[in-house]
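Here is a friendly note for anyone opening this structure for the first time. Have a look around first, and then read the points in any order you like.

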Amino acid sequence: MKNITTMHQSKPDDSIAYVGMPTPVRASLTETKHWFQAMEQFTRVFAIRPGEKVLMLTDPLLDPRVVDAVTGIARARGATVTQYMAADTRLPGVPEEVKPLVQSADFVVSTWFCSIEDPFNVAMRKRGQRWVKITYFRDLDLLHTPQARFPVELVGEIIRATERRFPKGRDFELRFTDQRGSDLVIYYTKEMREAMFKGNRWCGKMFADEPGCYVHYLPTHGPNFWDSTANGNDPDAPVMIEGVLCPQWAVGFERPFEEIIRFTFKNKLVTQVQGESRDAEILREMCLGSKLIEGGGCGFNPKAPRYTVYPAGSNAPGALHFGIDLPKASDYIRKVLPDWEEPPIHQDLIGLDMTVTAGGEPIIENGFLVALRDPAVVEMAKRYGDPVELLEAGL
């Protein structure tokens with residue numbers, strides 16, 4: 001018989017096989033149902049219609065099975081597909097020789113960085129063209145992930161519940177804080193609020209079935225709490241954005257930062273980067289004079305991995321990324337991310353545990369997206385399973 005000291009040791013005994021959790025379910029018992037669950041989400045997002053012309057704007061590093069999957073859906077529905085492959089994803093705008101192809105398409109699927117803000121593409125969507133951006137669907141095997149299986153309608157309800165927390169009919173401050181010392185404020189006018197939140201993504205419309213839509217697949221990324229949409233898609237419009245941001249991480253860095261690095265913003269521009277570490281030196285050289293273009297990009301799919309920041313910031317609910325455009329191409333990014341899907345004039349600063357308020361109303365509390373406990377969200381989640389497991393497990 002073991003003595004008292006052995007029985008109450010403070011550290012587990014490596015020689016004992018402790019069993020406190022169930023053994024993992026065999027893949028053979030779940031893989032088929034999981035696959036069809038993900039396929040149902042996939043086929044509904046890609047709402048291609050009979051007779052439509054589909055254009056895929058791709059790059060050499062895209063899994064060709066993704067192209068085949070979209071092509072299969074299109075052919076099954078009597079649509080046609082044209083593919084244009086650029087040298088990479090980092091084009092600043094649609095090349096002149098490609099514009100006729102875009103103009104003739106009804107439905108565009110794109111990996112290109114310029115998809116969202118190129119004025120040509122914005123104009124095409126205003127004419128009713130439908131777009132799907134596949135930054136997070138570059139490998140067909142992603143259909144085997146929990147975020148691919150998560151109900152797309154529920155992502156939309158989480159987004160709508162978040163939008164309802166932003167004040168309407170008045171000006172307000174959108175404030176980002178954390179325990180590291182961040183205190184960044186975006187000054188919202190009521191006109192900016194109306195412009196920012198009327199788009200299909202903030203309305204929670206996650207399927208590419210409405211004229212002028214722009215959706216992401218996999219449905220994990222954004223919409224942003226602020227970007228140029230709030231200012232009529234004018235990236236140069238004056239906006240009061242100022243204060244301090246102390247990100248925990250950034251794209252192109254293997255691990256979160258070991259010291260607190262302070263970014264000071266004034267009128268959207270980075271005016272100071274403070275820190276003593278090598279990471280701070282790199283970021284100072286890279287980011288001084290850069291311009292904020294995405295103020296709080298948030299994820300809304302509870303099954304998106306929290307500590308995966310590549311390629312464009314963590315997309316777990318409550319984790320944030322702040323996209324900045326650099327004053328010049330970064331040699332550091334060119335060296336460590338030679339095949340990055342975004343150009344080396346861009347950087348995403350990451351905050352995983354921030355608190356966000358809009359006019360004093362809590363949006364995120366210490367990295368937890370408040371809308372996950374909204375009554376309408378919880379009620380919808382009941383259709384698909386246990387709402388606590390669906391919405392909060394793993395966060």
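The numbered points below go from the whole chain to single residues.

1. Please keep in mind that this is a predicted model. The protein chain holds 12 helices and 18 strands. Along its principal axes, the C-alpha trace spans about 80 × 55 × 45 Å.

2. How does the radius of gyration compare with that of a compact globule? For 395 residues such a globule would have a value near 21 Å, and the protein chain has 22 Å, so the two agree. Of the 395 residues, 52% count as buried. Among contacts with a separation of 6 or more, 68% are between residues 24 or more positions apart. The accessible surface comes to about 18500 Å², and carbon and sulfur atoms account for 53% of that surface.

3. As a reminder, strands of a sheet pair through backbone hydrogen bonds.

4. Within that sheet, you can follow β3 (residues 107-110) alongside β4 (residues 130-133): the two pair in the parallel sense over 4 bridges. Ser 110 stands opposite Lys 133 in β4.

5. Helix α3 covers residues 64-76 and has 13 residues. From first C-alpha to last, α3 reaches 18 Å, close to the 18 Å expected at 1.5 Å a residue. Which residues of α3 are buried? They are Val 66, Val 67, Ala 69, Val 70, Thr 71, Ile 73 and Ala 74. The spacing is worth a glance, because in an α-helix residues three or four places apart point the same way. The buried residues of α3 pack against α2 (27-45), β1 (53-58), β2 and β3. After the helix comes Gly 78, with a positive phi near 75°.

6. Now turn to the loop between β7 (214-216) and β8 (221-224), where Thr 220 has its place. Is Thr 220 buried or exposed? With a relative accessible area of 6%, Thr 220 is buried, because buried means under 20%. Leaving aside residues up to four places away in sequence, Thr 220 touches Tyr 136, Gln 147, Cys 298, Gly 299, Phe 300, Asn 301, Ala 304 and Asn 315.

7. Another cis peptide bond runs from Tyr 310 to Pro 311, with omega near 10°. Pro 311 lies in the loop between β13 (291-299) and β14 (320-325).

8. Asn 233 has a positive phi near 60°, sits in the loop between β8 and β9 (241-245), and is partly exposed at 36% relative accessible area. Asn 366 has a positive phi near 50° and lies in the loop between β17 (361-365) and β18 (368-369). At 58% relative accessibility, Asn 366 counts as exposed.

9. Finally, find Arg 278 in helix α9 (residues 278-287). Arg 278 is exposed, with a relative accessible area of 56%. From Arg 278 to Glu 153 the C-alpha to C-alpha distance is 44 Å, and the two are 125 residues apart in sequence.

Notes. Residues numbered from 1 in each chain as written. Predicted model: local features only at pLDDT ≥ 70, side-chain atom pairs only at ≥ 80, totals over all residues. Heavy atoms only, no water. Buried < 20%, exposed > 50% of the residue type's maximum accessible area, 1.4 Å probe, protein only. Contact = heavy atoms within 4.5 Å. Pairing = 2+ DSSP bridges. Expected span 1.5 Å × (residues − 1). Rg over C-alpha atoms; globule rule 2.2 N^0.38 Å. Areas by Shrake-Rupley, 256 points an atom, 1.4 Å probe, with all protein chains shown as cover.
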